Amino acid sequence: MTLSPGSTELTLEPAHQPEETPVPSLAELTLEPVHCRPELLDACADLINEQWPRSRASRLHSLGQSSDAFPLCLMLLSPRPTPEAAPIVVGHARLSRVLDRPQSLLVETVVVARALRGRGFGRRLMEGLEDFAQARGFRRLHLTTHDQLQFYAHLGYQLGEPVQGLVFTSRRLSATLLRAFPRAPSPRPPYKAPSVTAQTAPRAHKGPSLPLPPPLPEPLTSSLPPPAGLPPQSLLEMQYQDLRGCPIFWMEKDI
Ligand SMILES: CC(C)(COP(=O)(O)OP(=O)(O)OC[C@H]1O[C@@H](n2cnc3c(N)ncnc32)[C@H](O)[C@@H]1OP(=O)(O)O)[C@@H](O)C(=O)NCCC(=O)NCCS
């Protein structure tokens, strides 16, 4: 990947981030699990809350659940600008196991710091997490998006079908609680999505043999299974909506 180190100055909103920080160099970025860098939990929570405001306690609780057993939160980090300063949290994404698809992961909460967007960090984050997942034996990534369809298509993702993400691993939800989730939409005229053409071909499989992912944990979810009786989603049509009834695109990529 071409490096584009800039001398531009920028301002990051979270209070703990330095007010003026050199734009990180793509070559220096690392991708690290949140639970390996607990000292950066606050900065990561601020980064996510900058995009999707939520109570700090709730965000920290969610990030605190990150573990090697999934769900797992990854941070895109820039090295500390000065020896005394903390590394800059440039981006975040969460990976969860998928019900009945042991070689799949669900990618959620993908975000790059507002002041750093449009400089290649989103691509670096996505390609980094693909490498991360592939190195652990996973073969397919799934995600949803409301309005970043073209970004993901540009990175090789195609429209796909809903999967059930396994968010909680500690206990199984009761059938009563599961029935309380709203049902997926009933059949209706398909929503016409913008044409999706991946301009970047998926990267070739790297490395000879990779470990198989560990067995799936007990299934629990925040995402809904595909609506029964609906035909598969085509490249130009989408038939899904989120829990608030907003149109949503399911996308996937083989890695
Ligand atoms: C979506 C997001 C992560 C992208 O990060 P980014 O750093 O701005 O993206 P990049 O600069 O790395 O862009 C990577 C490539 O995608 C392209 N791209 C980015 N956004 C695009 C868009 N909306 N449509 C089409 N192409 C897009 C860029 O041109 C770039 O192409 P190139 O690498 O071939 O030059 C970032 O905008 C963000 O955090 N948005 C708010 C949170 C959000 O919506 N997250 C997604 C939730 S589903």
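Me: By class, how many nonpolar, polar and charged residues has the shell around the ligand?

Reply: This is a predicted model, and in it the shell divides into seven nonpolar, nine polar and three charged residues. In total, 19 residues surround the ligand, and the closest are Val 110, Val 112, Gly 122, Arg 123 and His 154.

Me: Which helices and strands each supply at least two residues of that shell?

Reply: Strand E6 (101-112) and strand E7 (140-145) do, together with helix H3 (121-135) and helix H4 (149-154). The largest share comes from H4, with four residues.

Me: Which residues have a polar atom that lies 3.3 Å, 3.2 Å or 2.6 Å from an oxygen atom of the ligand?

Reply: A polar contact is counted for N or O atoms within 3.5 Å. For Arg 117, a polar side-chain atom lies 3.3 Å from a ligand oxygen, while for Arg 119 a polar backbone atom is 3.2 Å from an oxygen atom of the ligand. With Arg 123, an N or O atom in the side chain is 2.6 Å from a ligand oxygen. As for the area involved, the ligand taken alone exposes 930 Å², of which the protein buries 70%.

Me: Why is helix H1 described as largely enclosed by the rest of the structure?

Reply: A residue counts as buried under 20% relative accessible area. Helix H1 spans residues 41-51, and because eight of its 11 residues are buried, H1 is largely enclosed. Among the buried residues are Ala 43, Leu 47, Ile 48 and also Asp 46, Asn 49 and Glu 50.

Me: What covers the buried residues of H1?

Reply: The cover includes helix H2 (56-64), strand E4 (72-78), strand E5 (88-98) and E6. Strand E6 also supplies at least two residues of the ligand shell.

How values were computed. Residues numbered from 1 in each chain as written. Predicted model: local features only at pLDDT ≥ 70, side-chain atom pairs only at ≥ 80, totals over all residues. Heavy atoms only, no water. Near = heavy atom within 4 Å. Polar contact = N/O pair within 3.5 Å; in protein donor to acceptor, adjacent residues only side chain to side chain. Areas by Shrake-Rupley, 256 points an atom, 1.4 Å probe, with all protein chains shown as cover. Nonpolar A, V, L, I, M, F, W, Y, C, P; charged D, E, K, R; others polar. Buried < 20%, exposed > 50% of the residue type's maximum accessible area, 1.4 Å probe, protein only. Contact = heavy atoms within 4.5 Å.
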